[in-house]
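Let's take a walk through a protein together.

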Amino acid sequence: MAGEREHIREIEQVLSGARSARDDIVVQSWLRCIDTHRLDPARPTEAYIVPDTQLREHREQSERLIAIARSGLETLFKQVAGQNYVLLLADAKGVTVDFLGDPLFMDQLRKAGLYLGSEWSESRTGTCGVGSCIVTGEAMTIHQTDHFDTTHTPLSCTAAPIFDTKGELTAVLDISLLRSPQPKVSQNLALHLVTASARRIELANLMAQMHSEWVLRFSRSPEFLDVDPEAAIALDASGRILGTTRGAALLLAQAGGIDWRLSPSPIGQPISRFLDMDVDDLPNLTRGRPTEERLVFGRNGSALFAHAIEPQPTSGRRAPVEVLPGPIAELSGGDPAMTAVQMRAAKLARTAIPILIHGETGSGKEVLARAIHDSSGRAGPFVAINCAAIPEHLIESELFGHAAGAFTGATAKGRKGLIESADGGTLFLDEIGDMPYALQSRLLRVIAERELVPVGGIAPRPVDIKIISASHHDLRQLVAEGRFREDLFYRLNAAPLTLPPLRERTDFEWLLERLVGERARLAGRPAKLSAAARLALIRHDWPGNIRELVNAVDLAVALCEDETIQPSDLPDFGASRAAPPAPSASLVALRAPSLEEERGALLAVLAATGWNISEAARRLGVDRTTVHRRMKRLRLEAPN
Ligand SMILES: Nc1ncnc2c1ncn2[C@@H]1O[C@H](COP(=O)(O)OP(=O)(O)OP(=O)(O)O)[C@@H](O)[C@H]1O
């Protein structure tokens, strides 16, 4: 409290014009907080996290930069490993769009606003690393009581701006501590590291965006020219500057003898205005020559080492890969076994080949069958029949219908059976193993001859149906026991698809999130999972598969209070086997044994997310750069 009062008094003194020992950048920011942002130091405000929908928009807008910055963030995070630093990448509005922090402190970090979605604009939060960096365009440390708002005075935040190739501030890289030593100089190394990382991100961004132009990289020392240049520019074929890193803009101004604060942007100007060279000199500055000989001179006489990179041909567009049809794409979040099923199902959907789906009860056989039908382009209906649920003596007429007056009690006009009502569409025969033996040969005729004879009828009627059957029995075993016809088995088993049980799915958490969202919406009761409930669900082994999960989620949504599902809202899982936690989705990539499988897995996720790289990366538990890299390696390209 005393500390807070003292802090407020200090701000008041600075306002009244008293000299301050604070850095000028801090003093100027405090003045802006009062005069421009109308903030009151006596009214502390909690960290603000933008709603999910807004965060998604911010992330989408920064998607390219996030992808490029990710490896820089990861390298920096490794450099400061074990020192409790948190890394934030904020967009130009101050919203944290990427984040790396120690999972052990997530709750504290979230509370302190060092978290994905936190907004650190100066107008909302007062003097702070990210916000004040956005206003000034300068790298800085806002250490403890440099913060304007007393809520944030425990933090130490060091931020560096990232500029786009046209010189606009596009993001801020911030490295923060929840607790830090008192002297501000303790953060000097952090300031150096974050500034160097921001520079490298700008370089990577320029290289990514301008690779089809000449790129000229600079360094003051020949040793670092090829490995870690200081700055870079892109030039068109006539030698005009198309883009620069921030460092290059400053360097060019210096070389041209111009006060960069007063000079207009170098974009669009000929390189010869700043350096004693023109476009014809570029081929002499490529890697073919020793580094020490690649010297260029500024108009002010200064010397720089330069490395010219020739325009890279834009890779000819490969034929776009086949995208999974929407209904099939939605079935998984990238589980490899599911992906293999989805790829096969998509290919089979448009054929007349019968499909046999294996899978434990509740694993989604009917849902898959319907998705295949919905992707088949067939105009007729999807008709599902559970062979185990219909009494044996009724199944024949249910399936095949009956002719007029075929038997006592039959209608005078006759009745269409389920097979005929599926004409032009799909017949889904669930629990096909329970089909009475005598009927199996009739079904075989429908499949083989594409015609059916109703009960009591003589003339066969042509039918056009796609047959999908499902079983959780081992049909081979039933054949061996003489309970299932071998010929029918081979017909049905032309294209087997095996659904993995839920406990083996690596996309469990994706499915869980989706189901909670869906079921809560259906029930009209907003609900989200607490961490403890999520863990309990992950640990359960789900003998009833997705059906059991749906039921558990429905119950939890109905019981939960304050829109948060707690473990006490879940069914009692006490009786189930203790299972190891579901492996994380990020293991997908590690496990994929073959390139083809890996390609399939990635393709399914991309298709399921409408080729949204951020979302695909989130589902796979990897960063966007990795997704881009894998796409390149696996030759996957977004359709158009
Ligand atoms: N991919 C999925 N996404 C969301 N819900 C699903 C998915 N797959 C299945 N479900 C849900 O799980 C439940 C069981 O699915 P389905 O009836 O398809 O399983 P099944 O394997 O055919 O079961 P059974 O063997 O008992 O016939 C249904 O409520 C279904 O809506």
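First, a word of caution: what you're looking at is a predicted model. The chain has 640 residues, and 42% of them count as buried. Along the way it forms 25 helices and 19 strands. How do the parts of the chain meet? Take the contacts between residues at least 6 apart in sequence: 67% of these join residues at least 24 apart.

Now let's head inside. In soluble globular proteins, nonpolar side chains tend to be buried together. Here, the largest nonpolar core has 106 residues. Val130, Ala159, Leu173 and Ile372 are the ones with the most contacts inside this core. Which helix gives the most to it? That's H23, residues 595–608, which puts in eight residues. And where does this core sit relative to the domains? Domain 1 (2–198) and domain 3 (338–501) both supply residues, so the core lies between them.

Zoom in on Ala159 to see what such a spot looks like. If we skip its neighbours within four places in sequence, Ala159 is in contact with Gly129, Val130, Cys133, Ala139 and Met140, and also with Val172, Leu173, Asp174 and Val194. Two of the names from the core's list, Val130 and Leu173, turn up here again. Apart from this core there's another one, made of 30 residues, including Met210, Ala234, Ile271 and Val296.

Next, find two helices: H4, residues 63–79, and H25, residues 624–633. They pack with their axes 7 Å apart, at an angle of about 95°. That angle makes H4 roughly perpendicular to H25. Who touches whom? On the H4 side you'll find Glu63, Ile66, Ala67, Arg70 and Ser71, and they meet Arg624, Thr625 and His628 of H25.

Last stop: Tyr115, in the loop between helix H5 (106–112) and helix H6 (122–125). Why does Tyr115 count as partly exposed? A residue needs 20 or more C-beta neighbours within 10 Å to be buried, and Tyr115 has 19, so it counts as partly exposed. Leaving out neighbours within four places in sequence, Tyr115 is in contact with Ile49, Thr96, Phe99, Leu109 and Arg110. Another tyrosine, Tyr48, is 67 residues away along the chain, yet the C-alpha atoms of Tyr48 and Tyr115 are separated by 9.9 Å.

Key: Residues are numbered from 1 along each chain as its sequence is written. This is a predicted model: local features need pLDDT of at least 70, side-chain atom pairs count only at pLDDT 80 or more; totals for chains, interfaces and linings use all residues. Helices (H or I, at least four residues) and strands (E, at least two) are DSSP runs, numbered from the N terminus. A residue is buried if 20 or more other C-beta atoms lie within 10 Å of its own, exposed if 12 or fewer, and partly exposed in between; C-beta atoms are placed from the backbone. Two residues are in contact if their C-beta atoms, placed from the backbone, lie within 7 Å. A nonpolar core is a set of buried Ala, Val, Leu, Ile, Met, Phe, Trp, Tyr and Cys residues joined through C-beta atoms within 7 Å. Domain bounds come from an automatic or database domain assignment. Axes are lines fitted to C-alpha atoms, for helices over the stretch in contact, and angles run from 0 to 180 degrees between N-to-C directions. Angles under 35 degrees count as roughly parallel, over 145 as roughly antiparallel, 65 to 115 as roughly perpendicular and the rest as oblique.
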